[in-house]
Amino acid sequence: MAWNLNADKPIYSQLVEIIQIQIISGRYKAGDRLPSVRELAAEASVNPNTMQKALAELERNCLIITQRTSGRIVTEDTELIHRTQKHLAEEHIQNFFRTMNGLGYSAEEILSLVKEAAEKLSNSGFSHTDLPKGAE
Amino acid sequence: MEALAEIRGLTKAYGNTIAVNNLNLIIPRGRIIGLLGPNGSGKTTLIKMINGLLTPTAGSILINGFPPGPETKARIAYLPERTYLQSGMKVCDLVDFFQDFYEDFNRDRAFSMLSSLNIPFTAQLKTLSKGTKEKVQLILVMSRNADLFILDEPIAGVDPAARDYILKTIINNYNENASIMLSTHLISDIENILDEVIFIRDGQLLTHMPVDQIREQYGQSVDAYFRGVFAC
Amino acid sequence: MLKKLFKYEWVFFWKVPAAINIFLVIVTIIGIISLASPFWELDIWGIDILLGLAIFFYILAIAACSIGVTIYVAVRYYKNIYTDEGYLTNTLPVTARQIVLSKLFTSLIWTLLTGFVVSVSVLSLVYTAFYSSDLKFWYDFMRDFPDFLQMFREEMGISFSLFLMLLFIQTVLSSAFAILKIYTAIALGQLFAKHKVAGAFLWYIGEYVVFQIINSIISNASPLSGGMFGYLFGVSYYSYNSIGEIILPSTLISIFTSLIFSAALYFIAEHMLKNQLNLD
């Protein structure tokens, strides 16, 4: 199954984000070996050069480390993985606030709405393991 | 490294009709390139000239420094948009045929692809459906370790499963010294696997740029960009 | 590469002409059995007409077989080079020369083989009809053959075996010439924007007329009419004193012209494939 990619953003930046999510969500755990560029490209149905570019970006962020013997592995620095998780969360929250502002809500109103929504969800037995597996 | 192919001032005229008009193009190595354009824009004419099946009216084509001829044919794997196999042959005879003529042919790869698609080796070609014949042709072409793969409309008229198989085959076959050029008018199906795109209209080069550059510069997919450009 | 091309050309080519030749052999065997039977001796009304019809159909069958092989030579060349199959043939890493030669060799072998089978068929039927009851035939033949050889040498100025060899060379070359006329016509037919097959027929007729004219010029100049060629060979209509003085130069002239014409046609066919290919 090809990865779900947006039509209007550069492909490589979307690949970076999807792989980050795969690492954060534990599909690839700290210290795991990643599949080869070609395998990942085939899985995502994208160009191998683009996948290469995305992985290089992740390497620059130190989330992925290239080892001469075992190929590419996920960093064992769990602190970094958490930071990445936080960073992504912040990004999503910012986007969310921007959208809600557009809808005319103030920060306090948004917070109370979110709180309401969270209570509703936890009453219906929602937990984070039920998150949609958008990235797979 | 030198460019894989250099095309200069290429022109093909049929009487008063000009199919390809003074085209200049450089094809680098290690890329998957989409050759895009509406029907009748000159894609197939260009491809046939690169393969030496059409004689240019003017201009030059150099592949690995050679004009189209035995040296270039040994290094180009070409999938035309029609069935060129003789129907009396068996699938395994065809594998032998390709093995005999193309030094870069990988027999094992061909057989493993044939079995993964459940195509019987001993079947006569004429007993196979049109779709299966096209798959046999694709497998034979993709089983070569050529420098340049030229696939003319490989995904037109195939079912989604076959299309995914074709795209996977192209990705799996990719290597950094070879380039793959595929022509199509169905861009959205393939744009994710492309490095760069070549737009042709009325036999002239309109654009040649990386896919991500189009997305960054115009904030839209290649498909949407293409529709915008040609919507007149 | 030429060897491989030839191998595959042979594999693709042999079935149709082989079937035609097997048909010829069967027709011949039926003819021999029928001629050897006492049937034709019967004194019934209409037997002469029946015999005439049988001979007519036999000649028709032989003509059809020869033409059939020739047509197949043309179809194969056209189909394998200038239609969809040409997309593979012309993208193989081989030269235009190798493509044309591999097809020429294969066609030539089958044309000669068919000619040979036709000759054997006719001779064996003639033999059955006229000599098979004459038990002395082979005895006479063996007895007179040395005299014949002697006479031949005296009359022709060359030995019989040398003459047979010349005859064989002439047959090969004129067959090659006939095949190349077809190849060149097909190649030149590609110059037409549409109706390329019809174009090939036009070119073929054109070639036929041109070579007919050239041939008549040459034969007017040949020893038989005492023209230029006769002068070159030192004989003329008025001065020759044996048939050999005419046949030998004519054979040599025929070999020579077939060779020149074939070479010219070959280069046109090769040039068209190498430098003027335009597949639809």
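Trainee: Which residue stands opposite Ile150(B) in S7(B)?

Mentor: Quick caveat: this is a predicted model, where local features need pLDDT of at least 70, side-chain atom pairs count only at pLDDT 80 or more, and totals for chains, interfaces and linings use all residues. Residues are numbered from 1 along each chain as its sequence is written, while chains are lettered from A and ligands numbered from 1 in the order in which they are written. Strands (E, at least two residues) and helices (H or I, at least four) are DSSP runs numbered from the N terminus. In S7(B), the residue opposite Ile150(B) is Met181(B).

Trainee: How many bridges join S6(B) to S7(B)?

Mentor: Two strands pair if DSSP finds at least two bridges between them. Strand S6 (residues 148–152) and strand S7 (residues 179–184) of chain B run parallel. The number of bridges joining them is 5.

Trainee: In what order do the strands of that 6-strand sheet of chain B come?

Mentor: The sheet is open and its pairing is mixed. Strand S5 (76–79) and strand S9 (204–210) of chain B each have a single partner strand, so they stand at the edges with one side left without a neighbour in the sheet. From one strand to the next, the twist averages 15 degrees. The order is S5-S6-S7-S3-S8-S9.

Trainee: What angle does helix H8 of chain B make with S9(B)?

Mentor: H8 (residues 211–218) of chain B packs on the sheet, where it touches strand S8 (196–201) and S9 of chain B. Axes are lines fitted to C-alpha atoms, for helices over the stretch in contact, and angles run from 0 to 180 degrees between N-to-C directions. Here the angle to S9(B) is about 90 degrees.

Trainee: And at what angle does helix H9 of chain B run to S8(B)?

Mentor: H9 (residues 222–230) of chain B lies across strand S3 (32–36), S8 and S9 of chain B. Relative to S8(B), H9 of chain B runs at about 15 degrees.

Trainee: Which strands stand at the edges of the 3-strand sheet of chain B?

Mentor: This open sheet has the order S2-S1-S4, with antiparallel pairing. Neighbouring strands are turned by 20 degrees against each other on average, direction ignored. A strand with a single partner has one side left without a neighbour, so the edges belong to S2 (17–27) and S4 (58–63) of chain B.

Trainee: Which residue in S4(B) is the bridge partner of Arg8(B)?

Mentor: Strand S1 (residues 5–14) of chain B and S4(B) pair in the antiparallel sense over 5 bridges. Within S4(B), the partner of Arg8(B) is Ser60(B).

Trainee: Which helix of chain A gives the largest share of the side that touches chain B?

Mentor: Contact here puts 15 residues of chain A against 19 residues of chain B (C-beta atoms, placed from the backbone, within 7 Å). H1, H2 (37–44) and H3 of chain A each supply at least two residues of that side. The largest share, 3 residues, comes from H2(A).

Trainee: Are H1(A) and H3(A) parallel or oblique to each other?

Mentor: H1 (residues 11–24) and H3 (residues 48–60) of chain A pack at about 55 degrees, with axes 8 Å apart. Angles under 35 degrees count as roughly parallel, over 145 as roughly antiparallel, 65 to 115 as roughly perpendicular and the rest as oblique. H1(A) and H3(A) are therefore oblique.

Trainee: How many charged residues are in the contact of H1(A) with H3(A)?

Mentor: Among the residues making the contact are Leu15(A) of H1(A) and Lys53(A) and Glu57(A) of H3(A). Ala, Val, Leu, Ile, Met, Phe, Trp, Tyr, Cys and Pro count as nonpolar, Asp, Glu, Lys and Arg as charged, and the others, Gly among them, as polar. The contact has 8 nonpolar and 1 polar residues, and the charged count is 2.

Trainee: Which element gives the most to the side of domain 1 of chain C that touches domain 2 of chain C?

Mentor: Chain C is divided into domain 1 (1–133) and domain 2 (135–280), with bounds from an automatic or database domain assignment. Their centres, taken over C-alpha atoms, are 21 Å apart. In this contact, 19 residues of domain 1 meet 16 residues of domain 2. With 9 residues, the element that gives the most to the domain 1 side is H5(C).

Trainee: What is the handedness of the crossing of H5(C) and H7(C)?

Mentor: The axes of H5 (residues 96–130) and H7 (residues 160–189) of chain C come within 10 Å and cross at roughly 125 degrees, which makes H5(C) oblique to H7(C). A crossing is left-handed if the near helix is turned anticlockwise from the far one by less than a right angle, and right-handed if clockwise. This one is right-handed.

Methods
Two residues are in contact if their C-beta atoms, placed from the backbone, lie within 7 Å.
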